[in-house]
Amino acid sequence: MSSAARRASHPALVNGDGEYGREEEDEEDEEGEEGEGDEPEEEPRLKYQRLGGSVPAILSTDAAAAIAVTDRAVLLGTHDGTLHILDFQGNQSKEIKAHTATINDISFEDREYIGSCSDDGTVVISNLFTDEKLKFEYHRPMKAIALDPQYSRSNNRFATGGLAGQVLVLTKKSWVSGYNKKVLREGEGPIHSMKWRTDLLAWANDAGVKVHDMKTDRGIAFIEKPKGIPRPEVLLPHLVWQDDTVLVIGWGTSVKVAAIRTDSSQGLNGMQRSISAASSEKYVDIVGSFQTGYHISGIAPFGDLLVMLAYIPEEDDGDKKISTSVSSRQGTAQRPEIHLVSWKNDVLTTDALPIHGYEHYKAKDYTLAHAPFSGSSNAGGQWAAGDEPLYYIVSPKDIVVAKPRDTEDHIAWLLQHGWHEKALAAVEAGQGRTELLDE
């Protein structure tokens with residue numbers, strides 16, 4: 001990648017009260033490196049705002065541990081086992097005392113149900129609008145949960161897993177009370193992550209990532225765990241469905257893009273099928289694969305691009321190679337970064353985030369969630385109002401929200417860099433407020 005793309009900018013943050021704030025930058029960042037000043041500065045794609053409302057008060061006495069974002073609310077799980085229901089400004093509308101220990105994962109169904117799991121060995125299904133709550137005891141820490149996307153229409157079916165190493169699927173019995181329990185997989189180590197999209201359930205354990213067709217009850221594929229990465233307790237695997245047929249896996253320093261296919265043809269761009277099919281109806285094709293120069297703390301779709309939450313590990317003797325262990329020293333960590341990349345790891349932008357307390361955090365202390373969005377970017381990289389994606393970067397004591405920059409941000413950037421004619425043309429084309437003409 002170019003030095004211009006790799007050099008991380010330090011974006012200003014909009015605080016929850018709407019005032020801009022910027023943390024002090026390192027001197028070396030302000031001075032830059034010799035020879036780099038001649039390179040044109042890339043226009044940012046994202047802007048950032050610190051989540052306000054009730055969040056600062058919540059995190060002053062507790063710590064964030066898990067997050068999920070629906071089209072209605074932000075669901076925040078904390079270390080003391082509480083589930084906080086927030087609006088998109090961070091104001092709390094409901095508090096659910098779901099668990100007695102750290103919440104490790106949160107899943108939701110479009111209508112009204114929330115699933116959460118905890119180190120206390122429990123899984124809880126809560127109602128977003130009522131006090132309805134179901135609790136399931138497993139006696140071992142539970143690390144992942146995924147509600148059937150049709151949960152309320154599929155006999156309340158959900159999947160869960162944890163340190164016991166079982167992928168459990170529970171379905172409410174039709175005529176009597178209680179639930180049917182099925183062990184979908186076991187004996188391959190703890191379950192670390194789990195995501196359900198349409199009829200497809202994907203999970204990661206110590207061996208790798210499995211994809212299972214829940215409609216036919218058949219395994220589709222096994223994607224082996226990347227070699228040479230720290231154990232999952234240090235670097236968790238991250239799974240995200242880009243759409244109904246594309247699963248993106250970020251694990252350690254490895255990214256794989258897996259496409260679900262229904263015929264026996266070769267993969268995208270003629271790439272040979274690299275995973276044998278366990279089902280004659282569906283199989284998985286690896287259509288993208290690359291290595292990063294950082295540890296992956298989160299991954300999310302951005303149109304046909306990827307948003308990567310990057311943790312920069314300590315370099316070994318000045319070498320750029322990634323160390324296979326995370327430094328145990330405290331207070332020396334670098335700022336986490338947001339990288340916007342293609343499936344081929346072409347880097348468009350890199351932003352270093354002034355997260356509160358970042359000096360003391362490890363890769364697993366961060367998480368990234370994105371709000372569901374229906375829009376797709378056009379040629380200009382813009383989204384229609386209300387369709388733009390939102391990204392929530394969570395650390396134990398801080399939450400930052402990222403979203404695409406709009407046309408007025410673009411005009412302001414042009415003015416800031418002295419390109420007044422381009423800015424004027426954009427305003428006259430009706431792309432921004434006419435008040436900007438005064439600039």
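Let me begin with a pair of residues, Lys282 and Asp213, both of which are buried, where buried means under 20% relative accessible area, exposed means over 50%, and partly exposed lies in between, with a 1.4 Å probe and protein chains only. Their side chains meet in a salt bridge at 2.9 Å, N to O, a salt bridge being a side-chain nitrogen of Lys or Arg within 4 Å of a carboxyl oxygen of Asp or Glu. This pair links distant parts of the chain, 69 residues apart, with Lys282 in the loop between β22 (254-261) and β23 (283-291) and Asp213 in strand β18 (residues 208-213); strands here are DSSP runs (E, at least two residues), as helices are (H or I, at least four), numbered from the N terminus.

Please keep in mind that this is a predicted model, in which local features need pLDDT of at least 70 and side-chain atom pairs count only at pLDDT 80 or more, while totals for chains, interfaces and linings use all residues. Residues are numbered from 1 along each chain as its sequence is written, and side-chain values use heavy atoms, with hydrogens and water left out.

Across the whole structure, a search finds 13 salt bridges. One of them joins the side chains of Asp119 and Lys143 at 2.8 Å, N to O, and that pair, 24 residues apart, links the loop between β9 (113-118) and β10 (122-127), which holds Asp119, to strand β12 (residues 142-147), which holds Lys143. Asp119 counts as partly exposed because its relative accessibility is 30%, and Lys143 is partly exposed too, at 25%.

Now to the nonpolar residues. In soluble globular proteins, nonpolar side chains tend to be buried together. A nonpolar core is a set of buried Ala, Val, Leu, Ile, Met, Phe, Trp, Tyr and Cys residues joined through side-chain atoms within 4.5 Å, and the largest one here has 23 residues, of which Ile338, Ile355 and Ile393 touch the most other members. Several strands each supply at least two residues of this core, including β3 (46-50) and β26 (337-341), and β25 gives the most, with four. Apart from this core lies another, of 18 residues, among them Trp241 and Trp251.
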